[in-house]
Amino acid sequence: MNRFLKALLLLSAAAFADVEIGFDQGASSTPFCGG
Amino acid sequence: MLDSEIGTAITINDLLWKRAPMGMDHSSYTDFKIYMGYTTRDILEPEFDSNYVPGSKTLVFSRSTYTLSGLASGAWFTTALDTPFFYNGSGNLLIDIEWTSSPDGLSVYVFNWNTDVGRSMFSSPAGSTGDPENFVPHMILGGTNDLESKTFARIKTMFAK
């Protein structure tokens, strides 16, 4: 049972994949410019 | 976004932006639309639509009024797409955002980074062409790392034989 649960967790981790691109260098109102 | 940066096939469900500690924590935008598609270019050309691989421009988010509110400084906020976009892992990804006006005239600032080349275009008022910019928002493509459904269908067929 313990192994089975671990396998499920691994599958879950593989299924969700956020991709972060860039970093905090400057700031701009683009694309949320109100002017 | 370059394919080398994305590095995987991904079904994009959400776009996440990181609010910078300036501007406002809220605003609203009229006729706000987000399109996604593919481009073969690493540096964009001024004519917006010329950058798309023909036929790839896809509307993924649309609001007659898009309201942002209560955005914490330094925190990520999410635009949940109406239509998830399947990025196949090959080719550069275009994210194309347009809106007609902001009734209250307030700006929300987000963190960005300098790509050193013209990887974004901006036009105000919106026209068919824009000015190249080196700065691209710091973003998260929120999604699931899965295969195209027809790939599964083909595998099932092979097993059936």
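Colleague: Of the contacts in chain B between residues at least 6 apart in sequence, what share joins residues at least 24 apart?

Modeller: In this predicted model, 77% of those contacts in chain B join residues at least 24 apart in sequence.

Colleague: And which elements does chain B have, going from the N terminus?

Modeller: Chain B has two helices and 10 strands, and from the N terminus on the elements run α-β-β-β-β-β-β-β-β-β-β-α. The C-alpha atoms of chain B fill a box of roughly 60 × 35 × 30 Å along the principal axes, and buried residues make up 26% of its 161 residues.

Colleague: What order do the strands take in the open sheet of three?

Modeller: The order is β3-β2-β5 in chain B, with antiparallel pairing. The edge strands, each pairing on one side only, are β3 (58-68) and β5 (92-98) of chain B, and neighbouring strands of this sheet are turned by 20 degrees against each other on average, with direction ignored.

Colleague: How many bridges join β2(B) to β5(B)?

Modeller: Seven bridges join strand β2 (residues 27-39) of chain B to β5(B), and the two run antiparallel; if you want a place to look, B:Thr39 stands opposite B:Asn92 in β5(B).

Colleague: Switching to the nonpolar core, which residues touch the most other members?

Modeller: In the largest nonpolar core, which has 22 residues, B:Met36 and B:Val110 touch the most other members. The elements of chain B that each supply at least two residues of this core are β1, β2, β4 (76-87), β5, β6 and β10, and β1(B) gives the most, with five residues.

Colleague: What is B:Met36 in contact with, leaving aside its neighbours within four places in sequence?

Modeller: With those neighbours left aside, B:Met36 is in contact with B:Thr58, B:Val60, B:Phe85, B:Leu93, B:Leu94 and B:Ile95.

Colleague: Now the other chain: how many residues does each side put into the contact between A and B?

Modeller: Chain A gives 22 residues and chain B gives 38 residues. On the side of chain A that touches chain B, the elements giving two or more residues are α1 (2-15), β1 (19-21) and β2 (26-28) of chain A, and by class that side has 11 nonpolar, eight polar and three charged residues.

Colleague: Which strands of chain B do β1(A) and β2(A) pair with?

Modeller: β1(A) pairs with strand β10 (residues 139-144) of chain B in the antiparallel sense, over three bridges, and there A:Val19 stands opposite B:Leu141. As for β2(A), three bridges join it to strand β6 (residues 108-114) of chain B, again running antiparallel, with A:Ala27 opposite B:Phe111.

Colleague: And which residue stands opposite B:Leu16?

Modeller: That is B:Ile140 in β10(B).

Modeller: Where pLDDT is low, the predicted coordinates should not be read in detail. For chain B as a whole, the mean pLDDT is 89, and 90% of the residues reach 70 or more.

Colleague: What are the ipTM and pTM scores?

Modeller: The model scores ipTM 0.84 and pTM 0.84.

Definitions and conventions: Residues are numbered from 1 along each chain as its sequence is written. Chains are lettered from A and ligands numbered from 1 in the order in which they are written. This is a predicted model: local features need pLDDT of at least 70, side-chain atom pairs count only at pLDDT 80 or more; totals for chains, interfaces and linings use all residues. Two residues are in contact if their C-beta atoms, placed from the backbone, lie within 7 Å. Helices (H or I, at least four residues) and strands (E, at least two) are DSSP runs, numbered from the N terminus. Ala, Val, Leu, Ile, Met, Phe, Trp, Tyr, Cys and Pro count as nonpolar, Asp, Glu, Lys and Arg as charged, and the others, Gly among them, as polar. Two strands pair if DSSP finds at least two bridges between them. A residue is buried if 20 or more other C-beta atoms lie within 10 Å of its own, exposed if 12 or fewer, and partly exposed in between; C-beta atoms are placed from the backbone. Axes are lines fitted to C-alpha atoms, for helices over the stretch in contact, and angles run from 0 to 180 degrees between N-to-C directions. A nonpolar core is a set of buried Ala, Val, Leu, Ile, Met, Phe, Trp, Tyr and Cys residues joined through C-beta atoms within 7 Å. pLDDT is the predictor's confidence in each residue, from 0 to 100.
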